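Dear colleague,

Please find below the structure that I am handing over to you. My notes on it follow directly after.

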Amino acid sequence: MRTFFLSCIAVMLLAPPAQPQSAELGISGGYGSLGDNSVSEIVQVGNAAQTEEFNLSNGIRIGGRMAFNSRAFFGHEVSYSYQHARLSYIARGPEVSGTQEYGAVRSHHMYYNLVLHATPTDTRLRPFVTGGGGFSSYFLPGISSFSGYGNTKFGYNYGGGLKINFFPYGIRFDVRNHVTGKPFGQYIPNVEGTLKNLEISMTFSLLM
């Protein structure tokens, strides 16, 4: 009985959809993980070492995707996402030690990606890899994310995932690494290098 049940699921997933898709429009939700989340690090060496850091926390990520399949295996995609994080100051040393929370950092992310699928548009399961470029705008605590006073950084992303198509609807899972310059250099000292933001998300799509 168990074998029969698993076989039915496999047939359902591997069977082709009613018709191939040419485009998809979806709403996504997930998580942004800023693994190396130090925006700025200040190290003072005297009689005893003093370290000060400005850090960004991980946060919830929501948005949308619009994709077009120009070939059986090849597609284009435009995505937008909004992420919520928190900015904190951490001091370690004999002079000052402790943590101070500054509040929410909100960010907008707009990207264009090329998508290469492992299977054609008329299949149920579509593993894919993707890469592209765009920009991310970060807003300091207390500044509205729609005020226009954000700190915009250009960047790129790469990753992959899996699409499961049940025409006219679909579900997709994405894992992408977003790389931008570190924000807030005009407000925080010693800001340099890149910020890596690992996106893990799921998207519910309307297939067309």
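Which strands each supply at least two residues of the lining of the second largest cavity? They are β5, β6 and β10.

Before the details, two remarks on the basis of these notes. This is a predicted model, in which local features need pLDDT of at least 70 and side-chain atom pairs count only at pLDDT 80 or more, while totals for chains, interfaces and linings use all residues. Residues are numbered from 1 along each chain as its sequence is written, and side-chain values use heavy atoms, with hydrogens and water left out.

Overall architecture

The chain contains 1 helix and 10 strands, where helices (H or I, at least four residues) and strands (E, at least two) are DSSP runs numbered from the N terminus. Their order along the sequence is α-β-β-β-β-β-β-β-β-β-β. Of the 208 residues, 41% are buried; buried means under 20% relative accessible area, exposed over 50%, and partly exposed in between (1.4 Å probe, protein chains only). The accessible surface of the chain is about 10,900 Å², and carbon and sulfur atoms account for 65% of that surface; these areas come from the Shrake-Rupley method with a 1.4 Å probe, and for residues only the protein chains shown count as cover. Among contacts (heavy atoms within 4.5 Å) between residues at least 6 apart in sequence, 65% join residues at least 24 apart.

Cavities

A search of the whole structure gives 3 cavities of 30 Å³ or more. A cavity is a set of points, on a 1 Å grid over the protein atoms alone, where a 1.4 Å probe fits but cannot get out; lining residues have an atom within 4 Å of a point. Grid points are joined across faces, edges and corners, and a volume is the space filled by probe spheres set on the points.

The largest cavity holds about 100 Å³ of space. It is lined by 15 residues, and R61, R65, Y80, S81 and E199 are the closest to its centre. Two or more lining residues come from each of β4 (59-69), β5 (74-92), β6 (98-117), β9 (169-181) and β10 (194-207). The largest share, 5 residues, belongs to β4. By class, this lining has 3 nonpolar, 8 polar and 4 charged residues; Ala, Val, Leu, Ile, Met, Phe, Trp, Tyr, Cys and Pro count as nonpolar, Asp, Glu, Lys and Arg as charged, and the others, Gly among them, as polar.

The second largest cavity has a volume of about 70 Å³. Its lining consists of L34, L56, Q83, H84, A85, V105, S107, Y138, L195 and N197. Here β5 gives the most, with 3 residues. The lining has 6 nonpolar and 4 polar residues, and no charged residues.

Two individual residues

A91 lies in strand β5 and is buried, because its relative accessible area is 3%. Leaving aside neighbours within four places in sequence, A91 is in contact with Q50, T51, E52, V96, S97 and G98. The C-alpha atoms of A91 and E52 are 4.5 Å apart, although 39 residues separate them along the chain.

G185 is in the loop between β9 and β10 and counts as partly exposed, because its relative accessibility is 44%. With neighbours within four places in sequence left aside, G185 is in contact with N151 and V191. The C-alpha atoms of G185 and N151, 34 residues apart along the chain, are separated by 8.9 Å.

With kind regards

How values were computed. 1 Å grid on protein atoms, 1.4 Å probe; cavity = no way out; pocket = protein on both sides within 12 Å on 5 of 7 lines; lining within 4 Å.
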